[in-house]
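Trainee: I have just opened this structure and would like to learn how to read it. Could you walk me through a few features?

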Amino acid sequence: MDAHYERIGVRKKWNKARVDRLCGFLRMNYGELASLLCMSHSEFKKLLLKPKYPGPLCLLLSIIEHRYMSDYTKDTIPNIFKFT
């Protein structure tokens, strides 16, 4: 699974700019997105300052991004659980 996630670039895709894009598309602020992810607002804001995000957060963000943005952009990950 580690190799699969590395190959599809789940962790590499996520940075503050991409989170900002998702927030803008969903018309949410950081606190609202944090709540959607079941995270504390302060913990989420601290993570935004880091160069790499934890894998579980990247997976959740990828799922949300694909669900809501796939019809509007071609750079979402269509199925993070397709291990072929």
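Predicted model: local features only at pLDDT ≥ 70, side-chain atom pairs only at ≥ 80, totals over all residues.

Trainee: Which residue forms a salt bridge with Asp 75?

Mentor: The general idea comes before the case. Side chains of opposite charge can pair when their charged atoms come close. Here the partner of Asp 75 is Arg 18, with their closest N and O atoms 3.5 Å apart. Arg 18 sits in helix 3 and Asp 75 in the segment after helix 6, so this pair ties together parts 57 residues apart in sequence.

Trainee: Is Arg 18 buried or exposed?

Mentor: Arg 18 is buried, with a relative accessible area of 11%. Arg 18 also forms a salt bridge with Glu 65, where the closest N and O atoms are 2.9 Å apart. That pair links helix 6, which holds Glu 65, to helix 3, which holds Arg 18, across 47 residues. Glu 65 is buried too. Put together, Arg 18, Arg 21, Glu 65 and Asp 75 are linked in a network of salt bridges.

Trainee: How many salt bridges are there in the whole structure?

Mentor: A search finds 6. Another one of them joins Asp 20 and Lys 16, at 3.2 Å from N to O.

Trainee: How are Asp 20 and Lys 16 placed in helix 3?

Mentor: An α-helix has 3.6 residues a turn, so residues three or four places apart point the same way. Asp 20 and Lys 16 are 4 residues apart in helix 3, about one helical turn.

Trainee: Which residues of helix 3 are buried?

Mentor: They are Arg 18, Val 19, Leu 22, Cys 23 and Leu 26. These residues cover an arc of only 140° around the axis, which puts them on the same side of helix 3. Their cover includes helix 2, helix 4, helix 5 and helix 6.

Trainee: And which residues are buried in helix 5?

Mentor: There you will find Phe 44, Leu 47 and Leu 48. They fall within an arc of 105° seen down the axis, so they line one face of helix 5. They pack against helix 3, helix 4 and helix 6.

Trainee: How many disulfides does the structure have?

Mentor: A disulfide is a covalent bond between the sulfur atoms of two cysteines. The search finds 0 here. The sulfur of Cys 23 is 14 Å from the closest cysteine sulfur, that of Cys 58, which is too far for a bond. Cys 58 is buried, at 0% relative accessible area.

How values were computed:
Residues numbered from 1 in each chain as written. Heavy atoms only, no water. Buried < 20%, exposed > 50% of the residue type's maximum accessible area, 1.4 Å probe, protein only. Helix = DSSP H or I, 4+ residues; strand = E, 2+ residues; numbered from the N terminus. Arc of directions from axis to C-beta. Contact = heavy atoms within 4.5 Å. Disulfide = S-S within 2.5 Å. Salt bridge = Lys/Arg side-chain N within 4 Å of Asp/Glu carboxyl O.
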